[in-house]
Amino acid sequence: MDGRHLESSTLLPIAYVPIPSSAAGHHPSRCRTNARLLALALAAFCLLALAAFLSGDRTSPPPPTSSSSSSSSRVAFRPASRGPSDGVSEKTSGAFPTLLSASPSYPWTNAMLQWQRTGFHFQPPKNWMNDPNGPMWYKGWYHLFYQYNPDSAVWGNIAWGHAVSRDLVHWDHLPLAMVPDRWYDHSGVWTGSATILPTGQIIMLYTGSTNESVQVQNLAVPADPADPLLKTWVKSDSNPVLAPPPGIGARDFRDPTTAWYDPSDDTWRIAIGSKDGSHAGIVIVYKTRDFARYELVPGVLHRVPGTGMWECVDFFPVAVEEGPAAVEGMDTSAAGDGVRHVLKASRDNDRQDYYAIGTYNAVTNTWRPEDEGMDVGIGLQYDWGNFYASKTFYDPEKRRRVLWGWIGETDSERTDLLKGWASLQAIPRTVLFDTKTKSNLLQWPVEEVEKLRMSSKNFSMITIDAGSVFPINITGGTQLDIEAEFEIEKAALATAVEADVGYNCSTSSGATDRGMLGPFGLLVLANGRLSEKTAVYFYIARGTDGNLHTHFCHDELRSSSASDIVKRVVGSTVPVLDGERLSVRILVDHSIVESFAQGGRTCITSRVYPTEAIYNAAKVFLFNNATSASVTAKSLTIWKMNSTFSDPYTTQA
């Protein structure tokens with residue numbers, strides 16, 4: 001960049017060149033629509049102003065006190081549903097797994113809300129963001145488009161935000177790429193994917209919600225392919241290029257994938273998620289030669305009964321045989337011996353991203369999982385916490401596949417409006433097949449994140465006795481990169497014949513639920529008296545068959561004193577092979593905690609909102625709440641992380 005930026009409060013302009021109105025088809029008058037929207041906006045403003053007047057000044061509420069629970073300013077907040085009535089998954093903050101129930105609003109202070117904004121995760125300067133769209137590398141720049149409301153910190157009026165980066169961690173915000181200004185995307189420019197053809201041409205396919213809320217697929221291309229920043233986009237006069245086929249609901253046809261090439265008939269193929277009449281999640285495939293005309297491929301690529309609507313489907317190859325190819329990503333069109341395909345779907349039912357690894361047959365248009373018991377929607381997840389609507393892209397510059405994921409808020413919508421923004425993107429992750437277990441993927445933060453590491457502290461051979469907590473000499477622990485290895489007492493493992501056979505992270509009481517061999521790990525974003533803490537921990541259970549089962553969990557239940565947020569225990573089992581130590585990497589960035597166990601076999605993301613464990617009061621502890629085993633932290637390294645300070649970009653002097 002040229003180093004000249006706008007202030008972060010500056011509105012992002014629109015840099016979209018509309019196609020001639022004659023190509024737009026018949027749609028309602030924009031003047032009448034804008035007038036109605038203005039009237040609705042004014043009415044909403046008046047209601048908000050009245051609510052603010054009735055509830056008192058909430059811009060700088062007083063700090064919480066022991067009597068604050070009886071204050072008349074702490075009114076119960078009942079959120080409204082956003083998204084399902086428009087044909088997409090729930091988009092209201094706090095909807096995990098259902099809408100946050102009515103609860104008194106916590107008296108957040110400005111200092112608390114300002115602290116929640118992250119230092120090195122991607123987020124726009126303000127307002128609402130959700131799904132990552134069309135990520136790519138082009139002419140030396142990484143591009144990220146995303147679902148964005150330019151007007152508010154709640155979902156609605158969805159356009160495409162756009163940002164560029166040289167390194168996937170430092171970002172500059174560009175003007176909006178596309179806005180909902182045609183009948184075929186009148187109700188929203190929804191999720192899409194980019195395909196870069198061998199000629200270098202960029203094809204952007206996206207879902208539009210029409211003026212009658214029908215989901216259709218549309219084509220857009222850069223106005224100037226010579227511009228490496230791709231600042232301006234043109235919607236095709238062929239739009240919509242696809243409408244729901246027979247048997248598919250008008251609101252169940254969205255989120256086209258990146259295309260892959262099929263040499264057998266010289267066509268490109270795309271996949272789209274949906275559901276059938278019996279509530280089975282399905283993927284259908286189209287083929288095309290020009291991306292304007294399509295043919296539906298007979299049958300379905302895959303179907304799993306009872307899993308409901310599949311959105312944000314992704315489909316890509318991975319190398320499964322050990323060797324140089326196994327440590328690199330693969331182009332989306334790669335095929336052949338030693339290649340399997342990952343099919344991923346975002347389940348509308350529970351807002352989790354599921355994947356499975358299997359075999360793709362282009363001739364029969366079918367994909368079959370290697371393990372039917374771990375099929376899409378019922379088995380493995382990218383992330384067992386707050387992570388949804390993810391999308392990968394192939395980075396030819398570094399020969400890797402990179403995964404983006406939307407991290408929503410778990411506080412209340414009312415709080416989001418107070419702070420003026422909502423949602424993050426997860427740290428981009430590389431994705432590889434695990435050639436050791438041969439059953440799962442490995443996800444790991446892109447290597448560029450390590451450039452943000454500053455000062456570090458190293459610890460080793462710290463023994464934590466059963467039922468104890470060990471403080472780590474770290475202050476201001478709000479932006480950290482932590483790597484740790486643990487070893488549990490071998491004698492305790494040998495004598496634990498049967499321990500907690502039915503243990504499950506999500507049904508447990510979290511880090512306070514003591515067992516013979518766990519929980520143990522780290523407490524991050526903790527205050528000195530441990531009334532607030534987020535636990536990242538392992539829990540080992542030995543079944544009656546004598547096999548050990550290692551669980552990896554996040555306990556959010558005591559992450560905040562506030563009650564108007566969602567707090568859960570989340571996690572899953574993690575494969576641990578003979579001779580391996582238990583290892584974890586944790587990225588702490590204010591209100592987000594991302595953890596990667598055993599090299600990224602199991603990943604968990606949490607949004608947390610402490611009220612006391614913020615700024616310099618945020619601390620780190622080792623803990624062991626097992627009843628019968630001591631644990632040794634064989635190594636522990638903690639780096640403080642620099643901020644990235646993404647800015648809007650301008651060419652103005």
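Which residue in β34 is the bridge partner of V584?

What we have here is a predicted model, where local features need pLDDT of at least 70, side-chain atom pairs count only at pLDDT 80 or more, and totals for chains, interfaces and linings use all residues. Residues are numbered from 1 along each chain as its sequence is written, and side-chain values use heavy atoms, with hydrogens and water left out.

The chain has 4 helices and 38 strands; these are DSSP runs numbered from the N terminus, helices being H or I of at least four residues and strands E of at least two. Of its 653 residues, 60% count as buried, meaning under 20% relative accessible area with a 1.4 Å probe and protein chains only.

Back to the opening question: the partner of V584 is A597. Strand β33 (residues 582–589) runs antiparallel to β34, with 6 bridges between them; strands pair if DSSP finds at least two bridges. Their hairpin has 2 residues between the strands, and H590 in the turn has a positive phi of about 60°.

Why is β34 described as largely enclosed by the rest of the structure? Because 6 of the 6 residues in this strand (residues 592–597) are buried. I592, E594 and F596 point one way, V593, S595 and A597 the other, and all are buried. In a regular strand the side chains alternate between the two faces of the sheet.

V584 comes up again in the largest nonpolar core, which has 49 residues; V584 is among those with the most contacts inside it, together with I482, F486, L522, F538 and L622. By nonpolar core I mean a set of buried Ala, Val, Leu, Ile, Met, Phe, Trp, Tyr and Cys residues joined through side-chain atoms within 4.5 Å. The biggest contribution comes from strand β28 (residues 479–488), with 5 residues. A second, separate core of 26 residues includes M129, Y148, L168 and V169.

Let's zoom in on L622. Not counting residues up to four places away in sequence, its contacts (heavy atoms within 4.5 Å) include I462, F470, F486, L522 and L636.

D185 counts as buried because its relative accessibility is 0%. Its side chain reaches the backbone nitrogen of D181 at 3.3 Å. Beyond four places in sequence, D185 is in contact with residues including Y206, T210 and K235.

Finally, the rings. The whole structure holds 27 aromatic pairs, counted when ring centres of Phe, Tyr or Trp (its six-membered ring) lie within 6.5 Å, with planes under 30 degrees apart stacked, over 60 edge-to-face and the rest tilted. One of them is F253 with Y286, edge-to-face at 6.3 Å centre to centre and 70° between the planes. These two are 33 residues apart, with Y286 in strand β13 (residues 281–288), and both are buried. F122, Y146, Y148, W171 and W404 form one aromatic cluster.

Key. Buried < 20%, exposed > 50% of the residue type's maximum accessible area, 1.4 Å probe, protein only. Polar contact = N/O pair within 3.5 Å; in protein donor to acceptor, adjacent residues only side chain to side chain.
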